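Good morning, and thank you for coming. I shall speak today about how the chains of one model meet, and then about two individual residues.

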Amino acid sequence: MHEGLLVNLTVFLTRIAEFIFGNIFIAQLFIVLLEIVVIFAVISLAVIIQVYMERRICGLIQDRFGPNRVGPFGLLQTVADMIKLMSKEDIVPAKAEKLLWGITPMLLFIPAALVYAVFPFDNGVIFADIGIGIFFVIAVMSQGVLLFLLGGYASENKYSFMGAMRAVAQMLSSEIPIAFSILAIVMMTGSLRMSDIVSAQSGIWFIAVQPLAFIIFIIAMLMETNRTPFDLVEGEAEIIAGPFTEYSGMRWALFFLAEYTNLLAAAILTVTLFLGGWQGPFLPGISWFILKVFAVIFVFMWIRWTFPRTRIDQMMALSWKVLLPLALFNIMATGIGIYIYKWIY
Amino acid sequence: MIKTETYQLSMGPVHPSTHGVLQVLLTLDGEKVVDSVPCMGYLHRGIEKLMEARTYFQCLPYTDRLDYVSAMNNNFSYCHAVEKLAAIDIPEKAQYLRVIMAELNRIASHMIFIGSLAVDIGATTGMIYPFRDRERILDIFNELCGARMTYSYIRIGGVRSDLSSAIVDMINKFLADLPSMLDEYNNLLTGNEIFQHRLKGTSLLSGEQARRLGITGPMLRASGIDYDLRKDNTYSSYDNFEFSVPLGKNGDNWDRYIVRVKEISESAKIIRQALDGIPDGQITAKVPKVLRPPKGEIYDTTEGPRGEVGYHIVSDGSAKPYRIHIRRPSFINLQALNILCKGYLVGDVVVAMSTIDPILGEVDC
Amino acid sequence: MQGKGLLIGLSVTLRHFFSRKETVQYPEEKLVMNDLFRGGRLILNEKKCISCKLCAMACPNEALALTVEIDEQKKRHMKKYVHKSGRCLYCNFCVEACPTKAITWDKNYEIACYHIEELTYDAVKRNKEDENNEY
């Protein structure tokens, strides 16, 4: 297998750093820091692109154009919006728990960004190829709920608190179908390591082998990322903006950032688990990866701008009464399948 | 020992889904609604009082501003009442024009209903499509009377302007496209399982309850009671046209939605017949420059898109009405809110509010 | 089959994703208002006006404040024709009431302004300013 372009780049940079600092340890530390900076830059850029994409897709679906004024094709619209949000007055509700309320948007970004450590972007391009990769992703992703609860609680607003309660209920019910649908994949690869999962799909993508798990995973991922039809946490027609109700300006932008970071993570996870990760013919792995990720994001957005919102009890019923039994059935079927496969060969 | 208690949530008057400035005081047990009280009056402009200081002609623009998404029907109702009071005979052609415009406005109003219901349920795209199609009706009205919202088209004694051939073409084209528009809504919303699950079996209102509250219009018909003033107390030229009155069975949100969707095609049927059978003649009757209806009073009703629009006019023989009371259907239909919401979830409150379809300009008057 | 409606819905939105767009790109392309359009400011044709004040009498909301002057030959002249467009309902009653069709709308819909005083204007004064600009 060929080593990816980015790996060569990293090796090259390490050599240069080693040359400059004269010490391999400091050089590697420097590279790690550089990687962190790069990943944050990539996330921010991806969020800006996603926000533009969301508005553009929304517009095109609704027979409008969407943003097309600021910059070429309106590409700078998000940048302009960011500048606007940053220059807004910082309004703190009088009765809010100031400290908790203030740190929540910043903390929310941490679990959202942390999962990127284990995503394989290309062959060998992975920050930490740990043995429990997928387990790490599930564990870290579910930490976000705590901060939703914190923000909702600290706002001292009934709408926020209702949103926080909904967030807890929703994320709990989405985590389990996600875990069980991933379990079927793990059974087939026999490894929790992300790079192993990707390389196991060199022959056939898991979407073809595990279509049921894919559907369960997509639905549960929509719940996890709070997007329509499961945007109950935000539910703007019912509870205004849920936990974000009292946030404005830059603080709200941080919530927004975390939301789209999560969406990107969800898309990357889908691509890694079911769509063969960075694998593909002719083009370099990273370009296949980006192509697939944005295709998945497009599907998420397409779903968002088509469907109405479910009600909280319907969402819970779907998760616990439909998705969970189906996922369990899928695990059983996978087990039998693996057994038969081994028996034949 | 864990103790739970109910809490109050003030939904509105600044809230994304209260259709204007309605405030609903919800008493909640978790997410379950224990009690809901609509608080009105944030948009009160004293229109009834304003009308007392104006001549009968000058009152007309104020009726536009009651139910601003179906101003034609309000104009119609007001003019009908005044004409009855002053015993003015309206030419046949004007009657037909009034019916065409009132029914077009009914379609526009029901499109707003579909759109606002969709956006309250979270389907933003479901809002854009009906609003886009409603725009074509507004274009027709703009061509006809120069305004898109506050028409003042139906005047005491007739209508303001005649149909030009361009407008007839526009209406015909709109009617030809209407089935495909409805198909689009049906494919996007009506057939959508999430949409159906949200609406079916929620916010039940029995026929008996609806009748007791004095609810009228599509909301009453959704509860299974066949009461449509266009048929049951026929006025203007409605008796010349063939149309059916769609009825619901259970009186749930779904029935209220489906009744209105069906009414759109019934209205289209009426418009088609009226356009075909439009007689020649005058569009306005002879009305004195200063209208002084004889002393007396009258209560007259017509069927608006939201229910029975009634005008109670008391005349003291002068050029200005002594007192006008307006029966606003939204105001009375909104009284059902508590019945519709009690025992359901917060998400259902929004849907119930949408299917009542109140226009706050009319509620607060 | 559950889920069929969802797929049909997705196909509808995908079709619209590629279809023609409805938006009018406003500052570049502007809609032309039709003859009956009511809106903008009132234009007073002073040659036609007979200063009868019927327009002000027809107004439901007293949006017109007129000052009529009678000169030496006992002829009536419109001295001030103040239209308080903040009060105006745009009902067109004044235009219809005019026996000589002396007032018309300028059909300009870009009438948003920053200060409340700008809502009130004098049509006679505007006519004079226009005349001065021409010379």
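In this predicted model, 24 residues of chain A are in contact with 33 residues of chain B, where contact means heavy atoms within 4.5 Å. The area buried between chain A and chain B is about 2,400 Å²; buried area is the accessible area, taken with a 1.4 Å probe, that two parts lose on being put together, summed over both. Carbon and sulfur atoms give 58% of that area. On the side of chain A, the residues that lose the most area to chain B are Met162(A), Pro308(A) and Arg311(A), together 23% of what that side buries.

A word on conventions. The model is predicted, so local features need pLDDT of at least 70 and side-chain atom pairs count only at pLDDT 80 or more, while totals for chains, interfaces and linings use all residues. Residues are numbered from 1 along each chain as its sequence is written, chains are lettered from A and ligands numbered from 1 in the order in which they are written, and side-chain values use heavy atoms, with hydrogens and water left out.

How many salt bridges does the rule find across the interface of chain A and chain B? There are three, a salt bridge being a side-chain nitrogen of Lys or Arg within 4 Å of a carboxyl oxygen of Asp or Glu. Glu31(B) forms one with Arg166(A), and their closest N and O atoms are 2.5 Å apart. Helices H7 (158-189), H11 (236-239) and H14 (312-344) of chain A each give two or more residues to the side that touches chain B. Helices here are DSSP runs of H or I, at least four residues, numbered from the N terminus.

Let us look at Arg311(A). Arg311(A) is found in the loop between H13 and H14 of chain A. Is this residue buried or exposed? Arg311(A) is buried, with a relative accessible area of 10%; buried means under 20%, exposed over 50%, and partly exposed in between, with a 1.4 Å probe and protein chains only. Its side chain makes a polar contact of 2.9 Å with the side chain of Asp313(A). Not counting residues up to four places away in sequence, Arg311(A) touches several residues, including Leu232(A), His197(B) and Asp348(B).

I turn to chains A and C. Here 14 residues of chain A are in contact with 16 residues of chain C, and the two chains bury about 1,400 Å² between them, 66% of it on carbon and sulfur atoms. The count is one salt bridge, in which Glu28(C) meets Arg69(A) with the closest N and O atoms 3.0 Å apart.

Finally, Met101(B) lies in helix H4 (residues 92-121) of chain B. Met101(B) is buried, with a relative accessible area of 0%. Leaving aside neighbours within four places in sequence, its contacts include Met72(B), Phe141(B) and Tyr153(B). Of the 30 residues of H4(B), 28 are buried, so this helix is largely enclosed by the rest of the structure. Just after H4(B), Gly122(B) takes a positive phi of about 110°.

How values were computed
Polar contact = N/O pair within 3.5 Å; in protein donor to acceptor, adjacent residues only side chain to side chain.
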